[in-house]
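Please look at the sequence and the structure before reading on.

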Amino acid sequence: MPVELYTITLILPEHLMENKPLIYLAPFQGITGITFRSVYARHFRGVDKLFTPFFTAIQHSNKLPARKLQELGEPYENGIEVVPQILSKDADEINRFAIFCKHLGFSEVNWNLGCPYPQVAGKKRGSGMLPYPGMIDEILGKVMAETGIRVSVKCRLGYYSPNEIFDLVTVFNQSRISELTIHARIGKQLYSGNTDLETFGKVISLCSVPLAYNGDIFSVTDFQALQKKFPSIDTWMIGRGLLYDPFLPAAIKGIAISANRQASIRKFIDDLYYAYRKQKNDSLSVISTLKEYWAYLSLSFDDPHKVFNRLKKVKTFDEYEDAVALVFREFEWKGSEKTRL
Ligand SMILES: Cc1cc2nc3c(=O)[nH]c(=O)nc-3n(C[C@H](O)[C@H](O)[C@H](O)COP(=O)(O)O)c2cc1C
């Protein structure tokens, strides 16, 4: 009797096929919106979750306004999970947001306890709530009781002092949040000064919630140094480093990278441009959105200052297209130091 052989193909999410680490795209107001997420996910590999910039002002209503719905987009982009983020100090508002997200098919929402800007933090929102663990405890108590979706938190080590994290960890451990990402700075620092690796290191043994590290990973070398310092951490969120060099997650994971990275970056930035024009109905605001991104991308060219100057002055689509063509003709895209082949 002939023996038939069958091949069974298992389709697994990318992070289960490839070894850990897990890498997350950090939320960036003004940059990691729906258009960036979808174009990025089509062009680059290595990222396991994409975080939206924070949402606010979730009104009492039975549906989200069209603009917010559009910004939320799909629960997956090219197979990568999308996690919507909310900035709020109101448990009911967080719940409303979580319920909308759940109905749209998302599996997780993230609560922003990290935003450092004085106009936010001054109102005890974002990192401004970190000195008040009791408030966080109360909000999480209500949210976790009512929300049928994973809730994760992104925070800093504190607002005024990194020691604030120790009381906060007790609160997070007692809650049922699915994951805690810590940007290893305090709110008062904004984005400057050093990350506080010593305090982050102390948190690891105290934290019983799955913990992710965030802050200043700009190259494979940076990543390797952090991985060596914190061997038990296997989840890493990357913001600016990934915006400078979109190949960074793949390089960290050892995934093959295009041999002609300059051409790949050109294709990506062109796709991004046309996708923004489509999303914004050819509004000239596309140019300022792209300039915001070029402020990061230009840093991985051989002469960042000159590259950004070419882009900074453009006002029309024609000028933008000419400037991009000139940049790719005259400058070399080098990437972060260790992603170079
Ligand atoms: C312009 C800008 C916008 C940001 N927007 C958000 C945001 O919407 N939500 C959030 O949690 N963090 C936001 N962040 C913080 C980043 O997600 C990230 O935590 C921070 O840049 C540190 O990580 P990195 O060193 O890898 O960039 C923003 C940072 C910048 C500079």
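## The largest pocket

E6 gives the most to the lining of the largest pocket, with three residues. At least two lining residues each come from strand E2 (49-55), strand E6 (150-158), strand E7 (180-186), strand E9 (235-238), helix H10 (240-244) and helix H13 (285-297). Helices (H or I, at least four residues) and strands (E, at least two) are DSSP runs, numbered from the N terminus. The model is predicted: local features need pLDDT of at least 70, side-chain atom pairs count only at pLDDT 80 or more, and totals for chains, interfaces and linings use all residues. Residues are numbered from 1 along each chain as its sequence is written, and side-chain values use heavy atoms, with hydrogens and water left out.

The lining has 32 residues, and Pro 27, Phe 28, Gln 29, Lys 154 and Tyr 191 lie nearest the centre of the pocket. A pocket is found on a 1 Å grid over the protein atoms alone, as an open set of points where a 1.4 Å probe fits, with protein on both sides within 12 Å along at least five of seven lines; lining residues have an atom within 4 Å of a point. The space in this pocket is about 610 Å³. Grid points are joined across faces, edges and corners, and the volume is the space filled by probe spheres set on the points. By type, the lining divides into 17 nonpolar, nine polar and six charged residues. Ala, Val, Leu, Ile, Met, Phe, Trp, Tyr, Cys and Pro count as nonpolar, Asp, Glu, Lys and Arg as charged, and the others, Gly among them, as polar.

## The ligand

The ligand is surrounded by 18 residues, the closest being Pro 27, Gln 85, Asn 214, Asp 216 and Arg 240. A residue is near a molecule if one of its heavy atoms lies within 4 Å of it.

A polar backbone atom of Pro 27 is 2.7 Å from an oxygen atom of the ligand. For Gln 29, a backbone N or O atom lies 2.8 Å from a ligand nitrogen atom. Asn 112 has a side-chain N or O atom 3.3 Å from a nitrogen atom of the ligand.

## Two residues in one loop

Lys 124 lies in the loop between helix H5 (118-121) and helix H6 (133-146). The relative accessible area of Lys 124 is 34%, so this residue is partly exposed. Buried means under 20%, exposed over 50%, and partly exposed in between (1.4 Å probe, protein chains only). Not counting residues up to four places away in sequence, Lys 124 touches Lys 89, Met 129, Tyr 132 and Met 135. Contact means heavy atoms within 4.5 Å.

Leu 130 is also placed between H5 and H6. Leu 130 is buried because its relative accessible area is 1%. Beyond four places in sequence, Leu 130 touches residues including Leu 113, Ile 136, Cys 155 and Leu 168.

Arg 277 is in helix H12 (residues 261-279) and is buried, with a relative accessible area of 19%. The side chains of Arg 277 and Tyr 273 make a polar contact (2.8 Å). A polar contact is a pair of N or O atoms within 3.5 Å; within protein, one must be able to donate a hydrogen and the other to accept it, and residues adjacent in sequence count only if both atoms are side-chain atoms.

Asp 48 lies in the loop between helix H2 (34-43) and E2. Asp 48 is buried, at 8% relative accessible area, and its side chain makes a polar contact with the side chain of Lys 253 (2.6 Å).
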